[in-house]
Amino acid sequence: MSIESANDFGALIKKVRNAQKLTQSELAGACGVGLRFIVDLEKGKPTCEIEKALMVANMLGIKLTAQEPPNLNEASHGE
């Protein structure tokens with residue numbers, strides 16, 4: 001699955017949470033975050049804290065990977 005926006009990420013969080021039969025409140029409690037954070041994250045709020053968002057994803061078993069751009073080494077020579 002390709003995540004290209006906060007909305008995509010939020011939709012994935014919601015999908016996995018629902019598949020695990022967790023309420024938003026239960027997920028918030030398990031992650032040590034507020035209910036409002038989970039609601040905002042699932043709605044795709046772009047200003048959600050990334051550290052908390054990654055913690056929620058990890059708690060749900062979502063593994064995120066990143067792929068470097070193919071020409072990264074060429075682009076970094078100018079620094």
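Accessible areas here come from the Shrake-Rupley method with a 1.4 Å probe, and for residues only the protein chains shown count as cover. This is a predicted model, in which local features need pLDDT of at least 70, side-chain atom pairs count only at pLDDT 80 or more, and totals for chains, interfaces and linings use all residues. Residues are numbered from 1 along each chain as its sequence is written, and side-chain values use heavy atoms, with hydrogens and water left out.

**Exercise 1.** State how much accessible surface the protein chain has, and what share belongs to carbon and sulfur atoms.

Solution. The accessible surface comes to about 5800 Å². Of this surface, 52% belongs to carbon and sulfur atoms.

**Exercise 2.** Describe the elements of the protein chain and decide whether the chain is spread out or a compact globule.

Solution. Begin with the elements, where helices (H or I, at least four residues) and strands (E, at least two) are DSSP runs, numbered from the N terminus. The protein chain has 5 helices and 0 strands, so that from the N terminus on the order reads α-α-α-α-α. Next, the radius of gyration, taken over C-alpha atoms, is 15 Å, well over the 12 Å given for 79 residues by the globule rule (2.2 Å times the number of residues to the power 0.38), so the protein chain is more spread out than a compact globule. Finally, the C-alpha trace spans about 50 × 20 × 20 Å along its principal axes.

**Exercise 3.** Locate Gly32 and classify it as buried or exposed.

Solution. Gly32 sits in the loop that lies between helix H2 (24-31) and helix H3 (35-43). Its relative accessibility is 68%, so Gly32 counts as exposed, given that buried means under 20% relative accessible area, exposed over 50%, and partly exposed in between (1.4 Å probe, protein chains only).
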